[in-house]
Amino acid sequence: MKREGEFKRLSKKVLITFFLLSFVSLFADITYEGARSVLGAYFNILGATAFIVGFIGVGELINYIMRGLGGFIAGRFRSSKIYWGLVIVGYFVNLVAVPLLAFAGTWQLALILVLLERAGKGLRAPARDVIIAELTEPIGRGKGFGIHEVLDQIGAVAGPAFVAWSLAVSYGNYRLTLLYLAIPAFIALMLVIIASIIYPKIKSISISKKAERRISKNFLLYLTSTVFLSLGFVHWALISYHLKVSVKLGDYIIPLFYTLAMLVDAIIAFPIGYIYDKVGLKALTISPILVFASTLLLLFTNTYTVILLVSVWGIVMGIYETIMRAAIADLVEAEHRAYAYGIFGLSIGASWMIGNIVLGFLYQFYKYIMPCYVLLVEAFSALLLMRIIKK
């Protein structure tokens, strides 16, 4: 009876902590996804070119370099206090940088703040994902990460929607709009502190420090496949630049398109997680095709075509944030997960940055060569993924 009571209390703690972290993601996404929905347009106002906007992808590199650092620190020290410390500090840097964009008078200063925001996001990610992988084990990681992503994307929908409304009623006042985002940032920080108090001990890091296995070859193949996938996946900053300069949408309309993408992400998150729990990595086989289709968005100006391809872009984001993360926990032993999430993040960030610098260059100078480049890298990604599935 005593053990049964302890299990029920533990289950309650697990459930509360899981939803607290999910709501942290919700309010955090209101903050930084709201800002990201108009970054390209904001940088255009500050005097940046398309090539410079492509360098916002450097923020993703820093994001994922910090994931590597966060994963190394978490894996090296294997302390619950270190894990939660990385999560809290990461969220603080990630969220405080956003409202400070309101005070950036040049694109150079704004770029520094964007890089800081991405650095904070990266630092917290491996430790947080290890915690979520532990919390979601009883229900299935695909479904668990799917539920987390649904709440996450509610924030990602609400943030751009709020930004669109604020820009509309303030007649395009970007600085006031960005300043408002301090409110959800504060709520997110309070919730993550409460989560760390309720669930202070992380079980997976109590495993013996001497690992019996190395990271598997299947994980390395999976990692290489996702690197090629990311080389062809366009960043939203370049899309928002395209929507403003080529499609010629109004400032308050652009975040509505991002809202659509995040809504699609939220809708498919749980179903794709459920499918992953049933069929495993086979659920990822359509990803290269979807990435290719979404990047073609940069070639079109017809509104209906753009809406369709923005929706496809949202599906890809849903796959990245759910089953791609869940797969790592299934491919890697518990004692290696912090390192694996860090390595995965670093590799994806580097490839996404390089890919978007290439895409930004091709968009500005050789737009119609883009499909050939994207087709090539996505074909490599698909071949590697099929090899893992066969094994």
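Tutor: Helices (H or I, at least four residues) and strands (E, at least two) are taken as DSSP runs and numbered from the N terminus. The model is a predicted one, in which local features need pLDDT of at least 70 and side-chain atom pairs count only at pLDDT 80 or more, while totals for chains, interfaces and linings use all residues. Residues are numbered from 1 along each chain as its sequence is written, and side-chain values use heavy atoms, with hydrogens and water left out.

Ser311 lies in helix H14, which spans residues 303-321. Its relative accessibility is 18%, so Ser311 counts as buried (buried means under 20% relative accessible area, exposed over 50%, and partly exposed in between, with a 1.4 Å probe and protein chains only). Leaving aside residues up to four places away in sequence, Ser311 touches Leu260 and Val264, where contact means heavy atoms within 4.5 Å.

Helix H12 covers residues 254-279, and its axis comes within 10 Å of the axis of helix H15, residues 323-331, with a crossing of roughly 30°. Axes here are lines fitted to C-alpha atoms, for helices over the stretch in contact, and angles run from 0 to 180 degrees between N-to-C directions. H12 and H15 are therefore roughly parallel to each other, given that angles under 35 degrees count as roughly parallel, over 145 as roughly antiparallel, 65 to 115 as roughly perpendicular and the rest as oblique. In this contact Ile272, Gly273 and Tyr276 of H12 meet Ile323, Ala326, Ala327 and Asp330 of H15. These residues divide into 5 nonpolar, 1 polar and 1 charged (Ala, Val, Leu, Ile, Met, Phe, Trp, Tyr, Cys and Pro count as nonpolar, Asp, Glu, Lys and Arg as charged, and the others, Gly among them, as polar).

Helix H11, residues 236-245, also has its axis within 10 Å of that of H12, and these two cross at roughly 135°. H11 and H12 are therefore oblique to each other. The contact is made by Trp236, Ser240, Leu243 and Lys244 on the H11 side and by Ile254, Phe257 and Tyr258 on the H12 side, and its residues divide into 5 nonpolar, 1 polar and 1 charged.
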